[in-house]
Amino acid sequence: MRYLVFVIAAAVLVFVLPPVGHVQEDTPQPTILPALPGVPKTGNPKIEYALTELLEIRLSLGPESMKSHAALRDIDMSGDMVRVVVEAKEPAGPRGTATAAALLPVQNRLESLGGRMETQYENLVQGLIRIEQIESLADTPHVRFIRLPFKAFPQEILSEGVNTTKATGWKALSPYRVRDEVKICILDAGFTGYSALLGTELPASVVTRSFRADGNLLANKHGTGCAEIVYDMVPNARLYLANFGTDVEHGRAVDWIIEQGIHIVSYSMGWYNAGRGDGTGPIGAHVKKAADAGVVWVSAAGNSAEKHWKGTFSDSNSNGWHNFAADNEVLNFWVPAYTITGAWLRWDNWGSWSGTSYSGSNQDYDLYLWVWTGSNWMSVTSSKGRQTGSQWPTEAISGWYSTSSRYWGISIQRYNASQAVNFNLLATGSSQPIQYNDPWNSLSIPADSPYVITVGATDWNTDSYHVYSSRGPTNDGRVKPDFSAPAGTSGVTYGTRSFFGTSASTPHMAGAFGLILEKTPFTAAQVRALLENRARDLGTAGKDNQFGVGRVQLVK
């Protein structure tokens, strides 16, 4: 019942509290929180906490309150049904056979409960189910865990980059050999308005495919802006435009990319909490599968350098709350009005990676979200998942909470843990560097993968580092990004010099790679070596965790 109090408090805040004035006014003061009573957690440990919340609201306040909460938290619903991903247990045996044997009883049970199967990939079933039936689904012996789908985020803050990378001269060169056309896939959230650009800002024809459950290729304009840059860089390439909405759909898109014989993927997307930051995890497995098939995967580093904090759990006053500083247990960040407010927490107790999941964590920490009223912190909501040994070490809160510009706060509570773990925390929605900001290790996923070319952002005109651009190293100590490339460029989709973020940098890098691949007899490994040799070294001499080997250029 404690959660329901938070929901009501949030509603009062959103619609009653007056807007905060200037940023400089009413600045939150360091806060020590009262210890929480040790209330046992309820709910099925095989169900993600956000779904347990949704069920409690449905049973206590009714279907309309449930739908309002789902909209607030950006949870996908279709009528009275919620979209979920069911992780199936895999019996012993050959991988493919085991997966097929595990999925069928899960699909059958989902449908017998009135649900609808949408798609599947490996040991995952994505479908829709009434929230009242979710516990019955979880009780199925073949079900390992039920969660919300993972979602990727376009890496935009939101061309001149063609000249900056010195691609112009290369485009005019005759190829050294006759090669089948280079195939480049922009794998993204959507391609609004692409058809109006065919024959001008895009090739006269492109191959399109949507892997979203609703089939909506036009769900977002982000991919269109990225495709414009790829076409500017390498106009003779064959472009493939594919989009997805969830991790399950992403896996199916990767299989299609391999089947199509794609040479290069331009990937300006990023995931949070989808792995431990060392290249493992489901998305990391997808890109490794593509790399093993010969696909060159070019991935955005992310835009989280100013929204990231990392540290080791510390409780100097023994009240159960993490001390971000000796006198402060609430990390604050400023969020503009009508912006999704989020907090994504992970810690280093993942267990082993099996190829489909992690063995899980027995260190239980919780995440709390507060709002600053001008004089004190008011509780809004929390994420109190159960880590009893098989669940991932993550907690997340994200929703449309902010209807006026104000300070929000994040706290971490030790619920049942014997280890002082290392945390990575990301605050989304912040328009300024968060309190205690630490830009290192702020890579999104799969920028942490050894199987991708990771790209950071530099200014198209001055080569200065864009401060939002995520930095390495990875959690296993590798240097990332690999290259940096221009951002702040122009196009029809985003306008004049207004496409910022590693989203804009990535298609420049993918295009540079494709242009050399198109014009030379070199292998992909040789093309990468050539680009590394010709990159303009920036920052610390040699490869570093800010610029990589330097800003990509085709002529030294």
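**View 1. Glu53, Leu54, Ile57, Arg58 and Leu61 of helix α2 meet Pro63, Ser65, Met66, His69 and Ala70 of helix α3.** Meeting here means contact, with heavy atoms within 4.5 Å. By class, this contact between α2 and α3 holds six nonpolar, two polar and two charged residues. (Ala, Val, Leu, Ile, Met, Phe, Trp, Tyr, Cys and Pro are nonpolar; Asp, Glu, Lys and Arg are charged; the others, Gly among them, are polar.) The model is predicted, so local features need pLDDT of at least 70 and side-chain atom pairs pLDDT 80 or more, while totals for chains, interfaces and linings use all residues. Numbering runs from 1 along each chain as its sequence is written, and side-chain values use heavy atoms, without hydrogens or water.

**View 2. The axes of α2 and α3 cross.** Helix α3 covers residues 63-72. The axes of α2 and α3 come within 7 Å, and they cross at roughly 150°. That makes α2 roughly antiparallel to α3. (Under 35 degrees is roughly parallel, over 145 roughly antiparallel, 65 to 115 roughly perpendicular, and the rest oblique.) Axes are lines fitted to C-alpha atoms over the stretch in contact, with angles from 0 to 180 degrees between N-to-C directions.

**View 3. Lysine 46 sits in the loop between α1 and α2.** Helix α1 spans residues 2-15, and helix α2 spans residues 49-61. (Helices are DSSP runs of H or I with at least four residues; strands are E runs of at least two; both are numbered from the N terminus.) Which residues does lysine 46 contact, leaving aside neighbours within four places in sequence? They are Ala138, Asp139, Thr140, Val143, Arg144, Phe145 and Ile146. Lysine 46 and valine 86 are 40 residues apart along the chain. The C-alpha atoms of lysine 46 and valine 86 are separated by 9.9 Å.

**View 4. Helix α8 packs against helix α11.** Helix α8 is made of residues 222-233. The axes of α8 and α11 come within 8 Å of each other and cross at roughly 35°. Which residues take part on each side? From α8 come His222, Cys226, Ile229, Val230 and Met233. From α11 come Ser503, Ala504, Pro507, His508, Gly511, Ala512 and Leu515. By class, the contact of α8 with α11 has eight nonpolar and four polar residues, and no charged ones.

**View 5. Helix α11 also packs against helix α12.** Residues 502-519 form α11, and residues 524-534 form α12. The two helices pack at an angle of about 120°, and their axes are 10 Å apart. That makes α11 oblique to α12. On the α11 side, the residues are Met509, Phe513, Ile516 and Leu517. On the α12 side, Ala524, Val527, Arg528, Leu530 and Leu531 meet them. By class, the contact of α11 with α12 has eight nonpolar residues and one charged residue, with no polar ones.

View 6. Most peptide bonds are trans. Where does proline 473 lie? Proline 473 is in the loop between β21 (453-459) and β22 (483-487). Proline 481 is in the loop between β21 and β22 as well.

**View 7. Tyrosine 338 has a positive phi.** Most residues other than glycine have a negative phi. Phi of tyrosine 338 is near 55°, and this residue is not a glycine. Tyrosine 338 is found in the loop between β14 and β15. Strand β14 covers residues 331-335.
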